[in-house]
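Morning, everyone. I have one structure to take you through today. Here it comes on the screen.

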Amino acid sequence: MENKEIKENKYGIEYTKQGDYYMPNLVLEKEKLELNKYGRARLNYLKTNKKAEYMIMFTKGTLNNHLKEIQETAQNRLDFMINELVKKENITEELKAKNQLAWVAAMNSVKAQAEEIIYNELIYV
C-alpha cells in the first residue's frame, strides 16, 4: 500500500494518501486544558448547536484557545458583576453578621443574575 504525504496549500491541511483516498492528518492539540463550568458549557453548546463552527475550530487547532478565552472572560466578568450587584443591592458584612440566611439568599440571587447574563452573552452565542 502506498502512503504518500502531501500538503494542500489552499487550506494548509496535510493529507496522507491511503489507497485511492487522501485522509487528513488530524492531530489533537498537545496542550492539556482544564475546563471550568463555563468552558464545559461552551464546548457542549458548540458540539450540540454549532457543529460546523466546532469542527472548524477543532481541525484548525483553535478550539482550546477559544474555550480558554471564554472561561477566563466569563470568570472575570462574573467576579466583576457580583461585586457591582452587591454594591447596588447594598449587601453588606453587617447583614451577614445580623442575618446569615438573608445574606446567603441575597448572594445566591446576585450570583444567579450574573451567571444568567454570562450564559446569554458569552456561552450561548
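Predicted model: local features only at pLDDT ≥ 70, side-chain atom pairs only at ≥ 80, totals over all residues.

The protein has five helices and three strands. Starting at the N terminus, the order is β-β-β-α-α-α-α-α. Of the 125 residues, 27% are buried. Now take the contacts with a separation of 6 or more. Residues 24 or more positions apart account for 54% of them.

Next, helix H5, residues 100-123. H5 has 24 residues. From first C-alpha to last, H5 reaches 32 Å, close to the 34 Å expected at 1.5 Å a residue. Which residues of H5 are buried? They are Trp-103, Ala-106, Val-110, Ala-114, Glu-115, Ile-118, Tyr-119, Leu-122 and Ile-123. Look at the spacing with the helix repeat in mind. An α-helix has 3.6 residues a turn, so residues three or four places apart point the same way. What do the buried residues of H5 pack against? Helix H1, at 37-49, H3, and helix H4, at 93-98.

Let's stay with the H3 partner. H3 covers residues 63-89. H3 and H5 pack at an angle of about 140°, and their axes are 9 Å apart. Antiparallel would need an angle over 145 degrees, so H3 counts as oblique to H5. The crossing of H3 past H5 is right-handed.

Who meets whom? On the H3 side, the contact includes Ile-70, Ala-74, Arg-77, Leu-78, Met-81 and Leu-85. On the H5 side, the residues include Met-107, Val-110, Ala-114, Ile-117, Ile-118 and Glu-121. By type, the residues of this contact divide into 14 nonpolar, two polar and five charged. Val-110, Ala-114 and Ile-118 are also among the buried residues of H5.

Now the single residues. Gln-71 also sits in helix H3. Is Gln-71 buried or exposed? Its relative accessibility is 8%, so Gln-71 counts as buried. Leaving out residues up to four places away in sequence, Gln-71 touches Leu-33, Glu-34, Leu-35, Asn-36, Tyr-38 and Gly-39.

Last one: Asn-90. Where is Asn-90 placed? In the loop between H3 and H4. For background, most residues other than glycine have a negative phi. Asn-90 has a relative accessible area of 57%, so Asn-90 is exposed.

That's my tour. Over to you.

How values were computed: Residues numbered from 1 in each chain as written. Heavy atoms only, no water. Axes fitted to C-alpha atoms, helices over the stretch in contact; angles between N-to-C directions. Helix = DSSP H or I, 4+ residues; strand = E, 2+ residues; numbered from the N terminus. Parallel < 35°, antiparallel > 145°, perpendicular 65-115°, else oblique. Left-handed = near helix turned anticlockwise from the far one by under 90°. Contact = heavy atoms within 4.5 Å. Nonpolar A, V, L, I, M, F, W, Y, C, P; charged D, E, K, R; others polar. Expected span 1.5 Å × (residues − 1). Buried < 20%, exposed > 50% of the residue type's maximum accessible area, 1.4 Å probe, protein only.
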